[in-house]
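Please look over the sequence and the structure shown here. The report below takes them topic by topic.

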Amino acid sequence: MRLVVAECSVDYAGRLSAHLDPARRVLMLKADGSVLVHADGGSYKPLNWMSPPCSLAVEEPDEDLAASGVQQVWRVAHAKTGDVLIIRIHELLVDETVELGVDPGLVKDGVEADLQRLLAEQIELLGDGHSLVRREYMTAIGPVDILARDAGGVAVAVEIKRRGDIDGVEQLTRYLELMNRDPHLAPVSGVFAAQEIKPQARTLAEDRGIRCLVLDYDAMRGVEVGPARLF
């Protein structure tokens, strides 16, 4: 990766046009060919960028640009769309190239697969007397995360999300409609389980007779989280 800190102005021309007046910015040139323009703010989002496949050409400024203090003109052209990102370098402050190597990728903690595994191991969180039938119970339209039975032997279909919204309730509703047509399963009740359930999703679920369960991921994996402290 090449990291450049420069006083620069930026123009983007293509499906839309955008302009950035001269200021100090960070320019990132990645190995995949992408070019990103960052300011000291705005979190992770660049002010402007060009996605690969694209090419970078460094040009000498014409007389007018040179007279205004421009030292270099970077022309980044997209190979397919024809969009162009033009970066005019007024002052080059830092120019470093670093070999990052192969990234192993992000390993997420607390994803739906982890929640599914933990809830299957702690099926009693659904209520006293519940027992696990199986994980990933297959239906004609996809797998239900968990199929269980309550203390009375009634089938329970559980849909698990990290953040529960209306789409998740609709998904569980479709599963329940299909499963309740099976005489070997019916009646089947539903549980919508998530670390966080949005109010609209809870209202819809309860209106459809679906029970909501908020999962405490830290407690399920045996991690004690103490009170917040200021030092």
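What share of the 231 residues in the chain is buried? Buried residues make up 36%. The model is a predicted one.

## Overall form

The chain holds 5 helices and 12 strands. Its radius of gyration is 27 Å, well over the 17 Å that the globule rule gives for 231 residues, so the chain is more spread out than a compact globule. The C-alpha trace spans about 85 × 50 × 35 Å along its principal axes.

Take the contacts between residues at least 6 apart in sequence. Of these, 48% join residues at least 24 apart.

## Surface and charge

The accessible surface of the chain is about 14,000 Å². Carbon and sulfur atoms account for 52% of that surface.

There are 25 positive side chains and 37 negative ones. The centres of the two sets lie 5 Å apart.

## Leu27 in strand E2

Leu27 sits in strand E2, residues 18-29. Is Leu27 buried or exposed? Leu27 is buried, because its relative accessible area is 0%, and the cut-off for buried is under 20%.

Which residues touch Leu27, leaving aside its neighbours within four places in sequence? The contacts are Arg2, Leu3, Val4, Cys8, Leu36, Val37, Trp74, Ile87 and Ile89. Val94 is 67 residues from Leu27 along the chain, and the two C-alpha atoms are separated by 9.9 Å.

## Helix H2

Helix H2 covers residues 112-121. Its buried residues are Asp114, Leu115, Gln116, Leu118, Leu119 and Ala120.

What covers these buried residues of H2? The cover includes E8, strand E9 (142-149), E10, E11 and helix H5 (217-220).

## Helix H4

Helix H4 runs over residues 199-207. Ala201, Leu204 and Ala205 are its buried residues. Why do they count as one side of H4? They cover an arc of only 100 degrees around the axis, which puts them on the same side of the helix.

The face of H4 turned away from the buried side carries exposed residues: Pro199, Thr203 and Asp207. The buried residues pack against strand E10 (155-164), H3, E11 and strand E12 (211-214). Gly209 follows H4, and its phi is positive, near 75 degrees.

## Backbone points to check

Two cis peptide bonds come next. One runs from Pro52 to Pro53, with omega near 0 degrees. Pro53 lies in the loop between strand E4 (48-50) and strand E5 (54-59). Another cis bond runs from Ala186 to Pro187, again with omega near 0 degrees. Where is Pro187 found? Pro187 is in the loop between helix H3 (166-179) and strand E11 (188-197).

Glu136 has a positive phi, near 50 degrees, in a residue other than glycine. Glu136 belongs to strand E8, residues 131-139. Glu136 is partly exposed, with a relative accessible area of 34%. That value lies between the cut-offs of 20% for buried and 50% for exposed.

Note on methods
Residues are numbered from 1 along each chain as its sequence is written. This is a predicted model: local features need pLDDT of at least 70, side-chain atom pairs count only at pLDDT 80 or more; totals for chains, interfaces and linings use all residues. Side-chain values use heavy atoms; hydrogens and water are left out. Helices (H or I, at least four residues) and strands (E, at least two) are DSSP runs, numbered from the N terminus. Buried means under 20% relative accessible area, exposed over 50%, partly exposed in between (1.4 Å probe, protein chains only). The arc is that of the directions from the helix axis to the C-beta atoms. Contact means heavy atoms within 4.5 Å. The radius of gyration is taken over C-alpha atoms; the globule rule is 2.2 Å times the number of residues to the power 0.38. Accessible areas come from the Shrake-Rupley method with a 1.4 Å probe; for residues, only the protein chains shown count as cover. Lys and Arg count as positive and Asp and Glu as negative; His and the chain ends are not counted. The place of a charge is taken as NZ of Lys, CZ of Arg, CG of Asp or CD of Glu.
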